[in-house]
Amino acid sequence: MAETVGFTTAYHLDGRMSALREALRDLPDAVFADVLESEDEYLLVLDLPGVTAETIDVTVEGGRLRIDGQRTKDVPGEFTFVREDRSVFLDAELPLPPDTTGQGGEGTVENGVLELRLPKATAAPSTTIPIDGD
C-alpha cells in the first residue's frame, strides 16, 4: 500500500464535506472507506477485497466521483458456490470534496486497497501584474 505520510485523518470534516461523509456511510458493508487530508490534497482509501486495476474504473463528472469495480474470483472447475459471502460489486457515486475538481488525480490499487489522491484546487501561483500608466 502507498505511504500516507503527511496526511491526517479527517475526523473533523466541516459542513461542506457532509455530503461526502453521508455517501461514504451508504457504501456496501464489505467496503471500508477513509478520507484523509493534507494541505495540498485529499486521499480516499477504500478497501475493495479482490478488486484489481483491471476490474475497476474511476471517473469524475459533474463534481462527482464515480467508482465501478468488481471482485474477481477463481473458482476451481469442480466446485460451485453453495454460499458466497462478501460479494463485491461497487457502483458508487461520491460527491467530490468542495475544493477539488478531480483534475490531476491519481489512483492505485494494491491488495484490494484503492487509494485515490485528489489535489485541492488552488489559485494560480502569485505573479506580478504590470500596470501601464501615463
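Trainee: What share of the residues is buried here?
Mentor: Of the 134 residues in the protein, 32% are buried. Buried means under 20% relative accessible area, exposed means over 50%, and partly exposed is in between (1.4 Å probe, protein chains only). This is a predicted model, so local features need pLDDT of at least 70 and side-chain atom pairs count only at pLDDT 80 or more, while totals for chains, interfaces and linings use all residues. Residues are numbered from 1 along each chain as its sequence is written, and side-chain values use heavy atoms, with hydrogens and water left out.

Trainee: What's the mean pLDDT?
Mentor: The mean pLDDT of the protein is 77, and 75% of its residues reach 70 or more. pLDDT is the predictor's confidence in each residue, from 0 to 100.

Trainee: And where is confidence lowest and highest?
Mentor: Confidence is lowest in strand S1 (residues 8-9), with a mean of 46, and highest in S3, at 92. Over residues 1-5 the pLDDT is below 50, and this stretch has eight contacts in the model beyond near neighbours in sequence. Residues 7-13 also stay under 50, with 14 contacts beyond four places in sequence. Contact here means heavy atoms within 4.5 Å.

Trainee: OK, new topic. How many helices and strands are there?
Mentor: The protein has one helix and eight strands. From the N terminus on, the order is β-α-β-β-β-β-β-β-β. Helices (H or I, at least four residues) and strands (E, at least two) are DSSP runs, numbered from the N terminus.

Trainee: Which strands make up the open sheet?
Mentor: The open sheet has three strands in the order S4-S5-S6, with antiparallel pairing. S4 and strand S6 (89-95) are the edge strands, each pairing on one side only. Two strands pair if DSSP finds at least two bridges between them.

Trainee: What holds paired strands together in general?
Mentor: Strands of a sheet pair through backbone hydrogen bonds, either parallel or antiparallel.

Trainee: How many bridges join S5 to S6?
Mentor: Seven bridges join strand S5 (residues 64-70) to S6. Arginine 66 stands opposite glutamate 93 in S6, and aspartate 68 stands opposite aspartate 91 in S6.

Trainee: What about S4 and S5?
Mentor: S4 and S5 pair in the antiparallel sense over six bridges, with glutamate 61 bridging to arginine 64 in S5. The two strands form a hairpin with two residues between them, and glycine 62 in the turn has a positive phi of about 60°.

Trainee: Which residues of S5 are on its covered face?
Mentor: Leu65, Ile67 and Gly69 are on the covered face of S5, while Arg64, Arg66, Asp68 and Gln70 are on the uncovered one.

Trainee: Which residues touch the most others in the largest nonpolar core?
Mentor: That core has 22 residues, and Leu27, Leu44, Leu46, Leu48, Ile67 and Leu94 touch the most other members. Helix H1 (18-25), S3, S5, S6 and strand S8 (113-119) each supply at least two residues of this core. A nonpolar core is a set of buried Ala, Val, Leu, Ile, Met, Phe, Trp, Tyr and Cys residues joined through side-chain atoms within 4.5 Å.

Trainee: What does leucine 94 touch?
Mentor: Not counting residues up to four places away in sequence, leucine 94 touches Leu20, Ala23, Leu24, Leu27, Leu44, Gly63, Arg64, Leu65 and Ile67.

Trainee: Which backbone atoms lie by its side chain?
Mentor: A polar atom of the threonine 55 side chain lies 2.9 Å from the backbone nitrogen of threonine 52. A polar atom of that side chain also lies 3.0 Å from the backbone oxygen of glutamine 70. Both are polar contacts, which are pairs of N or O atoms within 3.5 Å; within protein, one must be able to donate a hydrogen and the other to accept it, and residues adjacent in sequence count only if both atoms are side-chain atoms.

Trainee: Last one: what is the phi of asparagine 111?
Mentor: Asparagine 111 has a positive phi of about 55° although it is not a glycine. Most residues other than glycine have a negative phi. Asparagine 111 is in the loop between strand S7 (106-110) and S8, and it counts as exposed because its relative accessible area is 74%.
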